[in-house]
Amino acid sequence: MLRCGFTCYYLIKTTPRLITRARVVIELTATAPQLKQTPLNSAHRQLGARMVDFGGWDMPVQYPAGTIEEHLRTRNHAGLFDVSHMGEVDVRGAEAVAFVNRITSNDVSKLVDGQAQYSALTTPQGTVIDDLLVYRLAADHLLLVVNASTTEKDWEWIKSHHAGDSVDLKNVSADYCQLALQGPDAQTILQKLTDVPLAEIKYYHFTPGRVDGIDGIVSRTGYTGEDGFEVYAPADRAEQLWNKILDAGDTGSPTGVIPCGLAARNTLRLEAGMALYGNDIDDTTTLLEANLGWICKLDKGDFTGREALAQQKQEGVKRKLVGFEVTERGIARDHQDVVINGERVGQVTSGSPAPFLKKNIGLAYVPIEFANVGQQIQIDVRGKLVGAQIVKTPFYKRAK
Amino acid sequence: MANVPEDLHYSKDHEWVRVDGDVAIIGITDYAQNSLGDVVYVELPKAGEEFSANEPFGSVESVKAVSEVFTPIAGVVAQINESLADEPEAVNTDPYGSGWMVRLKMSNPGEVDSLLTAAEYEDFTKAETE
C-alpha cells in the first residue's frame, strides 16, 4: 500500500552519486530556492530539519534526533509527519463514483460515506500510473489523494479520461495540508485536540471534524504499519495544527511525539511491506506482479487495464515482488541486481536497514519460479555478492 | 557548528588524519558524520592492504546513504577498528576518538603536509554549505 510519493527518493535514488565522494552527500543538503514548499517549511527549519529536494519539493529528510530514533519512537510511541506535499483531486457530481471506478482498479462502488480505499490508477497494460487513496465524502463527492511527485501527471491523466461524465474535477492540492500522526499513542494525543470520538473511527475510515477548532478530515490511515491518523486541513492552518499536536504529544520528552522526516517514513513503510511508487511499482510493473491483486477488482465492470490484468491473471505472472532479508554482512540498496545460481535475474526496488527489526531488508522482483519463501538469493552490493533469503511480507506486523 | 580539532589534518573529502610517528590514524569528520546521519554499517579493508593517496579504502553507510571513505595519503593498513563492526554508531558519537577507522603505515610521511589545517578545513566546509 502506498502513500507518500517517494518517486525520486533522494536517499536511495542518488546512492550511485553519493558513493563517488563523501562530498556529494553534503552538496545534496543545500536545496535550490525554486523548490515547492509545504506550509510547514519554516516550521521544519526551526526544528533543525535537514531539508532535501524530494521530487521537486523542499522536504525534511530527518530532524536532529535522527532517522533511527524517529523510526523507533513511531513504533513505540508516536511520530508526526508533514505529508502536505501529497496531491488531492476533488471529484464531484452524480457520476463521480462511476467515473473513478473506470480509471482505478479497486471497486469504488463498495465504499460508503466516510470510508477510504487503497487503489491504483492503471494503464491499459495493467501497470501503475500511481497508487492512491479514494475517500468517499458523499455519494456524489470523492477525494483522491495521490503521490506528490506524480500529482501533475495524475491530474493530466484523470482529466484526459473524463469523457462526458457528469463530474467536476478540481486539483485542490494546494488547498490542503496533511499531517500524519502515527504510532500506538496517536489516538491519545489527537483526542486531546478534538471532540471527534476517535475510537469509533475504524481503520480506513474517516470523519469530517474539528481538530483544535480547525475544520478538517480525520482519517484512520497511514503508511507506517502502525495505528494512526491522517488529518487534512486548510493549508493556512498547518502550522497551528503541527505545533498543537507536538505540544499535546509532549514532544521533547523521551516518550513524547517526535517529528519525523522522509527517511523514517521510508524505513517504516518498508518494514510494513508497503510499496512505494517510483520504486516498487511504476508504469512498467503490473498490479499482479506487485502482489496488489487484492486491489484489482476484475469483476466490478470495465476499467482501464482490466483486460490486460485479467489475461495476466489467467496466464500467471512471470515475475513477482518479494521481500528478502540479508543474511550476510552488507546492506542491499535500490537498483542492485538479484543473483540466483550465478545469474542476474532481477533487481532490488527498495533496500535499507530496518531500524526496528535490526535487519537489512528489501523488496525485489524475481522470476516467479524463484518467488518462494526460503529461496536463497544474492544481492550484488557494489560488486560484492551478499547472501539473502526470501521471506514473508510484511516484515513487521504490529501487535493488535 | 561541527567540531574541528586543531591538532588533526583534513581532506576535502571530509576525512581526518592524526599522525602518530610513521602511522596515520584516519576517520571521517564530525561534519561528515553529521551529514550522513545515523551510521549503521562500516566496511573496512584488511590489515596489510596497500592504498595510494585518494583511493577508497572502505565505505560507511547510514540508514539513508552510502559513502566511500578515501585515504588522503598512501600507505599500508596496519590495523583496523574492529569494534566498528558491532558499534558503527561510534562514528557518530565520537568521530575523532572511538570512531577512528584505520591505522595506516605511511609510505611517505611528508604527504600529510599537503592536507588542510583545521582552520582551512573549517573555511572549506563553510564555503560548501553556503
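**Helices and sheet of chain A**

Reply: Helix α6 (residues 96-103) of chain A is mostly covered, with 6 of its 8 residues buried. Here a residue is buried if 20 or more other C-beta atoms lie within 10 Å of its own, exposed if 12 or fewer, and partly exposed in between, with C-beta atoms placed from the backbone. Helices (H or I, at least four residues) and strands (E, at least two) are DSSP runs, numbered from the N terminus. The model is predicted, and local features need pLDDT of at least 70, side-chain atom pairs count only at pLDDT 80 or more, and totals for chains, interfaces and linings use all residues. Residues are numbered from 1 along each chain as its sequence is written, while chains are lettered from A and ligands numbered from 1 in the order in which they are written.

In α6(A) the buried residues are A:Ala96, A:Val97, A:Phe99, A:Val100, A:Asn101 and A:Ile103. Their cover includes the strands β4 (87-92), β5 (115-122), β6 (128-138) and β7 (141-146) and the helix α7 (151-160), which belong to chain A. Contact means that the C-beta atoms of two residues, placed from the backbone, lie within 7 Å.

Elsewhere in chain A, an open sheet of 6 strands runs in the order β10-β11-β12-β9-β3-β13, with mixed pairing. Its edges are β10 (206-211) and β13 (258-260) of chain A, each of which pairs on one side only. Direction ignored, neighbouring strands of this sheet are turned by 30° against each other on average. Two strands pair if DSSP finds at least two bridges between them.

Strand β3 (residues 79-82) of chain A is joined to β13(A) by 3 bridges in the parallel sense. A:Gly79 has A:Ile258 as its bridge partner there, and A:Phe81 has A:Cys260. Towards β9(A), β3(A) makes 4 bridges and the two strands run antiparallel; in that strand A:Ala180 stands opposite A:Phe81. β3(A) is covered on both faces: A:Gly79 and A:Phe81 are buried on one side, A:Leu80 and A:Asp82 on the other.

α5(A) lies across β3, β9 (176-182) and β13 of chain A and runs at about 120° to β13(A). Helix α9 (residues 238-248) of chain A lies across β3, β9, β10, β11 (214-219), β12 (228-234) and β13 of chain A, at about 10° to β9(A). Axes are lines fitted to C-alpha atoms, for helices over the stretch in contact, and angles run from 0 to 180 degrees between N-to-C directions.

α5 (residues 67-76) also meets helix α10 (residues 262-271) of chain A; their axes come within 9 Å and cross at roughly 50°. α5(A) is therefore oblique to α10(A): angles under 35 degrees count as roughly parallel, over 145 as roughly antiparallel, 65 to 115 as roughly perpendicular and the rest as oblique. A:Thr67, A:Glu70, A:His71 and A:Thr74 of α5(A) meet A:Ala263, A:Ala264, A:Thr267 and A:Leu268 of α10(A). By class, this contact has 3 nonpolar, 4 polar and 1 charged residues, where Ala, Val, Leu, Ile, Met, Phe, Trp, Tyr, Cys and Pro count as nonpolar, Asp, Glu, Lys and Arg as charged, and the others, Gly among them, as polar.
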